[in-house]
Amino acid sequence: MTEVDKLIAYIKELNFNPNIDDFQHKLIIQKAICLLELMNSNLKYPYSLYVRGPYSPALTKELYNNKEKIEALETKTVLEPAEKAKVEKIREASENLNPTLLEIMATYAYLTNRLNEDRQEAMLRLKKLKPFFSEAQIAVGVSRSKILFPPSQSEVDEMKKEFAAWEELDDLN
């Protein structure tokens, strides 16, 4: 099995029929694969932050070098149940691969999981990077990203402390 066969298996599992010449299709693939990478799928495509969020030039090259095979979804590779479950979570969270949601989700996840920014810093940076998206779009995309990457126990403990302080203030009123 080659990396491209695994890539095609993921695209196929997304129930996506790609047209590599279509910008939106490439964006969907880039962001979905980035989320899979962040979920430890080990496709080995390196990502960096660009204007439209996380982007892998190596993945784009792979898409063009194997255009016909990818567009035909030609592979014998079958994903493991755990891999299929990751794909299903992405598809559900992104409302069946909505490009806007995927872009926001992947960017937020990249900031928090790859660049290790705390959630508040990541939200502020996301708003600066994506001023063309509404507050509502960003809020939905971030909450959907959090479905894929739930908070750690230490983050949950920190939130409980913060909420406890608010509840104490509420009790005083």
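A salt bridge is a side-chain nitrogen of Lys or Arg within 4 Å of a carboxyl oxygen of Asp or Glu. Glu 117 counts as buried, at 13% relative accessibility.

Before going on, a word about what you are looking at. This is a predicted model, in which local features need pLDDT of at least 70 and side-chain atom pairs count only at pLDDT 80 or more, while totals for chains, interfaces and linings use all residues. Residues are numbered from 1 along each chain as its sequence is written, and side-chain values use heavy atoms, with hydrogens and water left out.

Now step back to the whole chain. It has 9 helices and 2 strands, and along the sequence they follow the pattern α-α-β-β-α-α-α-α-α-α-α. Helices (H or I, at least four residues) and strands (E, at least two) are DSSP runs, numbered from the N terminus. The C-alpha atoms fill a box of roughly 65 × 35 × 25 Å, taken along the principal axes. Of the 173 residues, 43% count as buried.

Lys 69 is partly exposed, at 25% relative accessible area, whereas Asp 5 is buried, at 13%.

Another salt bridge brings Arg 52 together with Glu 103, their closest N and O atoms being 2.8 Å apart. Arg 52 lies in the loop between β1 and β2 (53-55) and Glu 103 in helix α6 (residues 99-114), so the pair ties together parts that are 51 residues apart in sequence. Glu 103 is buried, with a relative accessible area of 0%, while Arg 52 counts as partly exposed, at 31%. Salt bridges that share partners join Arg 52, Glu 103 and Lys 130 into one network.

A search of the whole structure finds 2 aromatic pairs. One of them is formed by Tyr 50 and Tyr 55, edge-to-face, at 5.0 Å centre to centre and with 75° between the planes. Rings of Phe, Tyr and Trp (its six-membered ring) pair if their centres lie within 6.5 Å; planes under 30 degrees apart count as stacked, over 60 as edge-to-face and the rest as tilted. Tyr 50 is partly exposed, at 42% relative accessibility, and Tyr 55 is partly exposed too, at 26%.

The loop between α2 and β1 (48-50) is worth a visit for its backbone. Most residues other than glycine have a negative phi. Asn 40, placed in this loop, has a positive phi of about 65° although it is not a glycine. Lys 44 is found in the loop between α2 and β1 as well, with a positive phi of about 70°. Asn 40 is exposed, at 58% relative accessible area, and Lys 44 is exposed, at 64%.

Our last stop is the largest pocket, which holds about 370 Å³ of space. On a 1 Å grid over the protein atoms alone, a pocket is an open set of points where a 1.4 Å probe fits, with protein on both sides within 12 Å along at least five of seven lines; lining residues have an atom within 4 Å of a point. Grid points are joined across faces, edges and corners, and a volume is the space filled by probe spheres set on the points. Among the lining residues are Asp 118, Arg 119, Lys 146, Met 159 and Phe 163. Which element gives the largest share of the lining? That is α9, with 5 residues.

Methods: Buried means under 20% relative accessible area, exposed over 50%, partly exposed in between (1.4 Å probe, protein chains only).
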